Amino acid sequence: MNTLSYKTVSANSATATKEWVIVDAEGQHLGRLCSKVAKLLRGKYKPNFTPHVDCGDNVIIINADKVVLTGKKWTDRVYLSYTGYPGGQRSMTPERLMEKGSSRLLLKVIKGMLPKNRLGRQLLGNVRIYDGTEHQHEAQNPRKIDINTLK
């Protein structure tokens, strides 16, 4: 049996093929959208996925202000943070995060779905979030994908 045909392909920064993709968030549910974006950032939809390498795509999210949460999650869900001082626990609802900017809400949710290490922080820099349909990345020739077709 020829064992050379069974070698595992491991991507590195030189062999990773990174693309630019556009995702339209209009009418999408927040959690489902962000989990698919996190998979795109990791590169899990690619055949040469390697867990310790940034082999994912650069993602542009447009219409981020039109994302949907079901039920009373806009007011009842609470995100907690701690300043480090006694009595420094702060709470924030998605409604208040959205008032400060829709990119804050989406970045917080996507960050929670990425690895908690150097690679996760690097991957978070590969996402760009815009409220309207205009973005400043036309020079990268991004391709538009339908997020509903991904699993």
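The model is predicted: local features need pLDDT of at least 70, side-chain atom pairs count only at pLDDT 80 or more, and totals for chains, interfaces and linings use all residues. Residues are numbered from 1 along each chain as its sequence is written, and side-chain values use heavy atoms, without hydrogens and water.

**Helix α1**

Helix α1 spans residues 30-42, and helix α4 spans residues 102-112. Helices are DSSP runs (H or I, at least four residues), strands likewise (E, at least two), numbered from the N terminus. The two helices pack at about 60°, axes 9 Å apart. Axes are lines fitted to C-alpha atoms over the stretch in contact, and angles between N-to-C directions run from 0 to 180 degrees. The contact (heavy atoms within 4.5 Å) uses L30, L33, C34, V37 and L41 of α1 and L105, L106, V109 and I110 of α4.

Buried means under 20% relative accessible area, exposed over 50%, partly exposed in between (1.4 Å probe, protein chains only). In α1, the buried residues include K36 and R42. The buried residues of α1 pack against β1 (20-24), β2 (58-62), α4, α5 (118-124), β5 (127-129) and β6 (143-145). G43 follows α1, with a positive phi near 95°.

Most residues other than glycine have a negative phi. N63 lies in the loop between β2 and α2 (73-76). N141 sits in the loop between β5 and β6.

| Residue | Phi | Relative accessibility |
|---|---|---|
| N63 | near 55° | 4%, buried |
| N141 | near 50° | 63%, exposed |
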